[in-house]
Amino acid sequence: MKLLEAVGLSQTYGWEMGWFTRNAKRVQAVNNLSLTLEEGENLGLVGESGCGKSTLARLLLGLAKPSSGRVLYRSTDFTDWSLSEMRMIRSKMQMVFQNSLASFNPRFTVEQIIGEPLRNYGVRNAEIRRAKVAETLELVGLEGRHIHRYPHELSGGQQQRVGIARAIALRPELIVCDEPFSSLDVTLRKQMMDLLQELKLELGLSYVFITHDLSVVSRFCDSVAVMYHGEIVEKQSGANIMQQADHPYTRTLLASVPVQDPRLRKNF
Ligand SMILES: Nc1ncnc2c1ncn2[C@@H]1O[C@H](COP(=O)(O)OP(=O)(O)OP(=O)(O)O)[C@@H](O)[C@H]1O
Ligand SMILES: [Mg+2]
């Protein structure tokens with residue numbers, strides 16, 4: 001079953017004036033883009049900086065309205081819905097950001113950060129909320145002692161775990177991860193990818209996973225869409241993308257993937 005569908009999505013931003021250019025231009029961040037995410041699927045979204053990945057993420061989650069095109073969740077078109085109409089769908093779709101720390105209220109403890117969506121969605125009883133927060137913390141591999149800490153008292157990896165905990169607090173169906181681990185070192189990145197995979201099994205999640213890194217998505221994603229200048233120029237299965245990239249831009253991306261075994265390097 002289709003979980004999420006984008007049909008002919010476009011997003012144009014207003015006039016952008018360069019420092020050295022006399023003429024301002026409109027930015028076509030997403031250009032007549034269509035894609036489908038099946039229930040249970042991990043969809044990777046790769047592409048160079050500025051190609052429109054984050055803009056697309058916001059449109060898919062209904063956090064911004066497209067200039068044209070439609071977005072459907074479980075076949076329900078929510079493109080023109082108001083904020084209050086979006087409420088129920090919002091709880092089903094969450095986001096994990098590149099820099100979780102920047103997205104936290106610095107005056108909130110971990111308990112308050114993870115408890116906030118619960119409170120917003122009607123869990124008024126503080127004891128019940130605390131129990132749910134503790135349960136969620138455990139799911140992301142944090143301990144009870146972290147619950148009263150402030151975000152700046154956590155390591156980068158722990159902050160991203162809190163970001164994931166906040167995203168799963170309402171037990172959503174879909175999580176959009178926008179470059180979630182790019183600031184972490186390789187070992188930690190691997191641990192976090194494993195965590196996402198465990199949560200998928202535990203909670204039945206689907207992911208849209210945005211990154212610059214093709215080697216990560218090839219392992220984690222069922223399918224990979226390559227974005228270039230606001231359009232999807234290629235879509236392949238995760239297993240195939242490293243070997244069977246067709247589009248010249250995807251080949252360029254592949255060429256920048258570090259290869260551990262030098263004997264394989266000549267293939268790129
Ligand atoms: N709010 C905005 N107003 C004007 N232009 C914007 C806005 N947000 C993004 N843009 C422009 O839209 C284009 C796509 O930006 P977007 O952030 O979606 O790219 P991205 O693929 O996520 O890049 P990165 O990999 O660096 O995060 C860029 O040219 C950017 O400057
Ligand atoms: Mg981005």
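1. A cavity, on a 1 Å grid over the protein atoms alone, is a set of points where a 1.4 Å probe fits but cannot get out. Its volume is the space filled by probe spheres set on the points, with grid points joined across faces, edges and corners. The largest cavity here holds about 40 Å³ of space, and a search of the whole structure finds one cavity of 30 Å³ or more.

2. On provenance, this is a predicted model in which local features need pLDDT of at least 70 and side-chain atom pairs count only at pLDDT 80 or more, while totals for chains, interfaces and linings use all residues. Residues are numbered from 1 along each chain as its sequence is written, chains are lettered from A and ligands numbered from 1 in the order in which they are written, and side-chain values use heavy atoms, with hydrogens and water left out.

3. The largest cavity is lined (an atom within 4 Å of a point) by L59, G62, A64, K65, P66, V71, F78 and T79. By class, five of these residues are nonpolar, two polar and one charged; Ala, Val, Leu, Ile, Met, Phe, Trp, Tyr, Cys and Pro count as nonpolar, Asp, Glu, Lys and Arg as charged, and the others, Gly among them, as polar.

4. Ligand 1 has 14 residues around it, of which S49, G50, K53, S54 and T55 come nearest; a residue is near if one of its heavy atoms lies within 4 Å. The shell comprises four nonpolar, six polar and four charged residues. Strand 1 (2-16), strand 2 (25-38) and helix 1 (53-60) each supply at least two shell residues, and helix 1 gives the most, with four. Helices (H or I, at least four residues) and strands (E, at least two) are DSSP runs, numbered from the N terminus.

5. An N or O atom in the side chain of T55 is 2.5 Å from a ligand oxygen, a polar side-chain atom of S54 lies at 2.8 Å, and a backbone N or O atom of C51 lies at 3.2 Å. Taken alone, ligand 1 exposes 630 Å², of which the protein buries 63% (Shrake-Rupley method, 1.4 Å probe).

6. The second largest pocket (an open set with protein on both sides within 12 Å along at least five of seven lines) has a volume of about 440 Å³. Its lining numbers 20 residues, with Q94, M95, P117, N120 and R166 nearest its centre. Helix 2 (83-92), strand 6 (93-96), helix 4 (110-120) and helix 6 (156-168) each give two or more residues; helix 4 has the largest share, four.

Definitions and conventions: Polar contact = N/O pair within 3.5 Å; in protein donor to acceptor, adjacent residues only side chain to side chain.
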